[in-house]
Structure formats: C-alpha cells, structure tokens
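Please look over the sequence and the model shown here before reading the briefing that follows. The points are grouped by topic.

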Amino acid sequence: MSKKIFNIQYILGLVAALTFIGCAKDNGAPRRATEDMDLGNKAMMQAYIATVNASRNAIYVDGALTSGAVIASGGVFPTAATAYAFALTSGLHTFQVRDTLRTATQVPLTFPVDVMPQKNYTVFLYDTISTPKQKVVETKINTVDDGMARIRIANFVYSKVDLPGIDIYSAVQKQNIATNVKITDVTEFIPYTANIVDTFTVRLTGTTTDLVNTGTGTNQFIRVIITPRAKRHYTFVFRGSYTSTASTAAQTRMFSSFINY
C-alpha cells in the first residue's frame with residue numbers, strides 16, 4: 001500500500017517538474033537583449049529610421065530584439081526620453097531591421113556592424129521599404145564645456161534621380177551653417193550658440209529659396225525650429241521622398257532633429 005502511494009507521489013512530482021520546465025521554455029516570442037550596466041568595453045549606438053514608408057520597424061542585434069517598441073519613419077531608438085543610446089560590446093555584431101507584421105512587404109535588412117569600445121555610433125536606415133539601405137557613422141561627442149551646443153546635418157532624402165546637395169540656412173545667423181550636403185552625407189558636428197531659438201530651413205545648394213511642400217498643414221514647411229542647449233549634440237535629418245508632397249509623415253519631405261547626447 002505504501003509503495004503504491006509512493007509511486008503516485010513520484011508520478012505527481014514528475015508531472016509538476018515537467019510542467020515547470022515546459023513553462024520555462026521559449027513561448028515563441030523573440031529573444032530580447034539583456035540589460036548590461038558594465039560599460040567599460042562598450043560602444044554606444046543610436047538608430048534612426050529614414051526609410052520611406054517604414055511603419056513597424058524592429059531592430060535586432062545578434063538575433064535579440066533590441067528596440068522594443070516598433071519604430072516608424074522619422075523615429076529614433078532609443079528616444080531621448082529613455083536614453084541617448086544602447087550599449088554594444090566592442091567587436092563585430094549582426095544587425096537586422098525588419099517590419100514586425102508577418103505579411104509586411106518591407107524587405108528585411110541584415111548587415112554587420114563593427115564597433116570600438118568607448119566610441120559612439122549612429123546607424124541610419126534609409127531609401128525605401130523595397131530597397132532598404134544602411135549607413136553607420138561615428139558620433140563624435142565633444143565633452144568640452146564651452147557653453148556651446150553642437151549640430152550636424154544628415155541628408156537621407158530619397159530620389160530616383162540625381163539631386164544637388166542641400167544647404168541649411170539659419171534664420172538667426174542669416175547664412176548657411178552647412179553647404180552642399182549630398183545624399184547619404186553626414187557632416188561633422190559644428191559648435192553653435194546655445195539658448196537662442198532658431199529656425200533652420202533646407203535649400204538646394206546654390207539657391208536662396210527654402211524648400212516647401214505643397215498643400216497646407218505642418219508638413220508644408222521643411223524646417224527645424226529649436227533652441228539648442230549647451231553641451232547638447234543634435235543631428236538634423238532631411239528625409240522622405242523628394243518628389244512626394246503627400247501629407248503622410250512616412251513619405252513627404254521632412255526636416256527634423258534628434259538628440260545624440
């Protein structure tokens with residue numbers, strides 16, 4: 001009798017153990033990157049989505065979901081509200097950017113990224129969802145406390161035909177702060193006066209006319225209005241489809257900024 005009871009208890013224990021193991025297995029959700037607070041051998045990375053018509057992009061590093069929430073065109077990961085960058089162990093990594101919808105028409109983009117410790121990088125995703133491309137650049141943070149902000153310009157507008165570069169015009173300085181920035185160019189940071197509100201507009205190189213989308217609403221004006229703060233680093237990005245004047249932010253020509261540091 002006691003042997004029978006022992007066998008029943010053994011079987012119940014085995015079932016419980018198997019149930020626990022089954023629950024602990026991957027339930028099919030994407031593997032997420034783990035948090036790592038040791039930054040001694042790390043590089044810092046940001047990702048900016050300039051891809052025309054991107055709407056549900058996720059970023060995977062070495063097979064692990066890193067971005068969390070999906071990102072649309074014009075979005076940056078991480079956002080300044082949470083962090084300025086995510087950490088990567090120095091060395092070679094495999095990135096993949098893809099739409100999270102199973103029936104998505106966006107072509108997944110997989111590419112290697114080799115990073116050095118104690119350096120900052122930005123990966124720009126651009127072109128269109130059918131021909132996505134990427135460019136990784138070093139983000140050279142200047143920590144000198146000179147009371148100035150820092151600004152750089154990135155041109156990732158999409159065009160089927162060759163275009164001249166762009167100039168960026170400052171309403172306060174009444175002159176260009178960057179000239180002849182070609183498509184896929186990312187300038188070095190320049191020092192800029194802090195704590196003064198300024199309006200920056202886009203012009204084709206050699207012209208004196210601001211680019212303006214047709215129609216009405218906030219997308220009509222291709223500009224950044226910002227008050228740069230001391231020691232902050234900003235990237236201004238020209239993106240969208242050059243020939244499109246659609247009202248959707250995923251297509252129309254846009255000029256926007258994000259904080260690097």
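**Briefing on selected residues and strands**

Leaving aside neighbours within four places in sequence, Phe200 is in contact (heavy atoms within 4.5 Å) with Ile151, Ile168, Tyr169, Ser170, Ile177, Tyr192, Ile222, Arg223, Val224, Ile226, Phe236 and Phe255. This is a predicted model, in which local features need pLDDT of at least 70 and side-chain atom pairs count only at pLDDT 80 or more, while totals for chains, interfaces and linings use all residues. Residues are numbered from 1 along each chain as its sequence is written, and side-chain values use heavy atoms, with hydrogens and water left out.

**Phe200**
- Phe200 belongs to strand S14, residues 198-204, where a strand is a DSSP run of E with at least two residues, numbered from the N terminus.
- With a relative accessible area of 0%, Phe200 is buried, a term that means under 20% relative accessible area with a 1.4 Å probe, protein chains only.
- Phe200 and Lys174 are 26 residues apart along the chain, and their C-alpha atoms are separated by 10.0 Å.

**Ser73**
- Ser73 sits in the loop between strand S3 (64-65) and strand S4 (76-77), and Ser73 is buried, with a relative accessible area of 12%.
- The side chain of Ser73 reaches the backbone oxygen of Thr51 at 3.1 Å.

**Strands S6 and S7**
- Strand S6 (residues 91-99) pairs with S7 in the antiparallel sense over 7 bridges, pairing being assigned if DSSP finds at least two bridges between two strands; Thr94 stands opposite Pro112 in S7.

Conventions:
Helices (H or I, at least four residues) and strands (E, at least two) are DSSP runs, numbered from the N terminus. Buried means under 20% relative accessible area, exposed over 50%, partly exposed in between (1.4 Å probe, protein chains only). A polar contact is a pair of N or O atoms within 3.5 Å; within protein, one must be able to donate a hydrogen and the other to accept it, and residues adjacent in sequence count only if both atoms are side-chain atoms.
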